[in-house]
Amino acid sequence: MSGTDATVFVVDDDPSIRRSLERLFRAAGHPVQIFGSAHQLLERGDLSKAICVVLDVRMPGPSGLDLQRMLEAGGHDIPVIFITGHADLPMAEQAFRAGAVDLFAKPFDGQALLEAVERVTSARQRRH
Amino acid sequence: MGIRRAEAAPALAVCVGYYVGANLGFILRFPPDTPSVMWPPNAILTATLLVTPPRRWWIYVLAAFPAHLVAELRIDWPPPLVLALFVTNCSEALMAAAFVRRFSDAPARFDTLYRVGVFVVGAVILAPFLSSFLDATAVSMLGGEPYWRVWRVRFFSNVLTELTLVPAIVIIVTAGAGWLLGASLRRRVEAALLTVALLAVGIVIFTSPHFDTIPGVPRSPLAILLPLLLWAAVRFGPGGLSLALLVTVLVAITAVTHGYAPLGELPLRDGIPALQTLFIIVAVPLMGLAALIEERRRAEEALAERLGFEELLSRLSAAFVHLPSHEMDEAFGVWLKRLGEYLRLGRIVLLRLDEDRERLSVSHCWTAPGPGTAPPSAEELVNGRNWRELLREPILVPDSSDTPAVADRGEAAPPARSELVIPLLAGGRVRGGLVFGAVAVGRPPLASVVPRLRLLAEVFAGALGRKETEDALRSSELMKSAILTSLPTGVAVLDRQGRIIAVNQSWTQTREDGSPRDTGVGSNYLDMWRRAASSGDPSAVEALDGIRAVLEGSRSALACDYSSGAPPGDRWFAMVVVPLNRPEGGAVVSHADVTERNRAEAEAQRNRQELAHFTRVSTMGELTASLAHELSQPLSGILTNAQAAQRFLAVASPDLVEVRNILSDIVEDDKRAGEVIQRLRDLLRKSEISRVPLDLNALLRDVVRLLSSDTVIRNVTCTLELHPEPIIVVGDRVQLQQVVLNLLLNAMDAMVECDEASRTSVVRTEKSELNAVHVTVEDAGSGLAKDAERRIFEPFYTTKASGMGMGLSIARSIVLAHNGLIWATNNPQRGATFHLALPLSGDGRV
């Protein structure tokens, strides 16, 4: 399993979804931090601990894609998994071109998300 | 002053009469006495003067003069005596005529006791009495005869002559022709018998020398003649009597002059005066009696004539009083004929004024049978006169060809050919005129019957007035009835009790269509509603109460719709009941079949709702992405939470607090999803319009929340600047939501082309001063094209490639249905603003 500082960051403007993801990752044994918006993450989140960011695409203020660009621009090489209320092809294309590792359309299977996260974490641990 | 042609013949007759009379007098003279037993010339002259006006007397006096000279100069009288005798003769005639003319109301008539009295006093007694003094003077002085003897002989002979001859002459001249023409055969035979009897009896008694020696025979022969004289007086009046007297006197005097002794043993010299006296004494009362009888007979005739006329008048009135106006025209004709014949007129013309009271025309005309009886034209009668001038008052028009009326009493008959125009006035208005014409000679003059004709005209005027009024009323009734008949609406008139007293045609037709109004004239309209009400129809109860209230006057009108027919609700009627404005009360009920109208309205309503639904559904299509997102959020939360719970529960000692929190979140998310679905369902539902008080601010918040996903997706900011207090309007929540949704979607669509930073839409609510709310939806888009501001709310007007152009059109119809207004303006800088004004609810509470 991953180390304690290998934290999953979740950014979603919907509180209920935030809470449910927090529980899911906790139940699966992943440390997790939740944020309501891109700004919250950038202000409060310790990005060095982040092993992976689960990002909602559509959010008030900067969108998930904006945040991904910002993180990249800030030199943070953190894998991004997108979750979205409505997925369409141009958006998916844009996300993967920007380096997203995965994209899930709501409502998604939690097990699949966990597996995606675990794939990312294990890959990062292998790299380290 | 000359002699007219008409006076020459009478003058000649006087001249001849005087001469003949003088010679007759000489025959009846017993020389040496100068005066005769009878002296006709004076009486002839008196009679002539009585029938001529005094200013023409000189003609007849002059006419008598040559006759006098010729007659008397044959006798050996000295010329001065002859001249003096002419003077005395003339003086007697002038005195007699002047007296009678002065005191009598009709000098040439002897048909009343008064007239006979005046005649006896003036002409019979006074004139001979006075003139005999002159005569006696002349004769005694120039002839040397004893004065008083002359006076006595002359006086008695003149009294007798005046008494018997003057009435005879006057009556023959004035009425003789009429009697000869008009008397019946029986009268003629009677007159002949009387004459023969008089002559026979007279000759017998005056010429039989021993007549009075027969035992039992009265000594006076006149007593035997008295029954015959009475016969004459009673049956033939004063005229007949005077003729009978004349015949008797002539017989007696002739007998005496032939040597018979009418009074037995008296010598001639005493016998003649005795005979004269006897005649005078008998004749005067007989004249009075004849006059009395004549007077009485005339009064009776006048009374009978008057009664006859009054009967005619009352029959005329009765004929027209209850006559229906359409039968009057015929009756006018019938009665003109009856009146004309009764009054012995020449013609009667009924003139009528036309409706605009401009022209007179001949309505009816009756003309007496005979030549030249063509009915006159109105122009001929009016003769260029204005009708107002003609019909101002009764006008008597004598025919110009007649002799002018003579002012003096009794000399000349009024013109027989004349015309009387009497205006017909009824109700203070001139309706026409009656023209009475006496065109035939020998008919009674019109002037004598003017008052009667006016009475008759009044009846005609009344009838004419009533006819015109009734005709006008009938034509107005006909017009009203035509209007009522032409109405497609059934109309019935009710009396105070609700009985139907009149219906129009449509009412009957609707009834035949099978509507429940199986009620005709005479039946009670309320009964029908009572039956319907007793069968449990609540609207019938309401209608029944309403009609009763109108009939009782407690309600000014009733208007309601009701359905009837089979199946129920098949046909709809709009009923209006208004009170009848008359003292007896009642009401007017009208029924209009509004089935088609209602169907059309319902159809329109359904179409509108279907279109609205269609628009909502198509709006939903535009919202699909947003709604999918909206639903995916709670569903996602639920799934994730559930899977987390599964994991928590998989361990040996599950953290139940964690699981409880998870379940609580799942419940909330599920509710959230349910709300989204409910909102979706609301929009999709084909709902009927409801009108409830609602808070417009809350409604706007809901819509903006519904669109929140959309705003996120389209990267649009939607700002609410709402009035701090709730804004209550009455309306249909879903429809108003649709309007706002439409405006917001339009605003977002308008900003597609803008750069993302300025994609801002502002929704504001303000309370306006006019008890209304003003909602604005402002966008920062490209604004409206030039004519779009006006046309944007028209159906099928669209600027969008995919638009139907129905959204704003439907929004407008919804707003109008809410008594509101919707319009659009361009903003000063950029974009457009849509405005919505809705009336605020009165109570201001939700």
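Two residues are in contact when heavy atoms of theirs lie within 4.5 Å. By this criterion, and leaving aside residues up to four places away in sequence, Pro40(B) touches Gly21(B), Leu24(B), Gly25(B), Thr161(B) and Leu165(B). The model in which these contacts are found is a predicted one.

Pro40(B) belongs to helix 2 of chain B, which comprises residues 40-50. Its relative accessibility is 5%, and because buried means under 20%, Pro40(B) counts as buried. The C-alpha atom of Pro40(B) is separated by 6.5 Å from that of Ala22(B), a residue 18 positions apart from Pro40(B) along the chain.

From this residue one may turn to chain B as a whole. Its secondary structure consists of 23 helices and 17 strands. Chain B has 846 residues, of which 46% count as buried. Among the contacts in chain B with a separation of 6 or more, 64% are accounted for by residues 24 or more positions apart. The chain exposes about 41,800 Å², and carbon and sulfur atoms supply 60% of that area.

The buried residues of helix 7 are Glu190(B), Ala191(B), Leu194(B), Ala197(B), Leu198(B), Gly202(B), Ile205(B) and Phe206(B). An α-helix has 3.6 residues a turn, and therefore residues three or four places apart point the same way.

The remaining subject is the interface with chain A. Here 24 residues of chain A are in contact with 23 residues of chain B. The area buried between the two chains is about 2,100 Å², and carbon and sulfur atoms give 51% of it. On the side of chain A, Arg23(A), Arg58(A) and His86(A) lose the most area to chain B, together 28% of what that side buries.

The rule finds 5 salt bridges between chain A and chain B, and 11 residue pairs are in polar contact, both residues being at pLDDT 80 or more. One of the salt bridges joins Glu658(B) to Arg26(A), with the closest N and O atoms 2.4 Å apart. Helix 1 (15-27) and helix 5 (110-127) of chain A each supply at least two residues of the side that touches chain B. Helix 1 of chain A provides the largest share of that side, namely 9 residues.

Definitions and conventions: Residues numbered from 1 in each chain as written. Chains lettered and ligands numbered in written order. Predicted model: local features only at pLDDT ≥ 70, side-chain atom pairs only at ≥ 80, totals over all residues. Heavy atoms only, no water. Buried < 20%, exposed > 50% of the residue type's maximum accessible area, 1.4 Å probe, protein only. Helix = DSSP H or I, 4+ residues; strand = E, 2+ residues; numbered from the N terminus. Areas by Shrake-Rupley, 256 points an atom, 1.4 Å probe, with all protein chains shown as cover. Buried area = accessible area lost by both parts, 1.4 Å probe. Salt bridge = Lys/Arg side-chain N within 4 Å of Asp/Glu carboxyl O. Polar contact = N/O pair within 3.5 Å; in protein donor to acceptor, adjacent residues only side chain to side chain.
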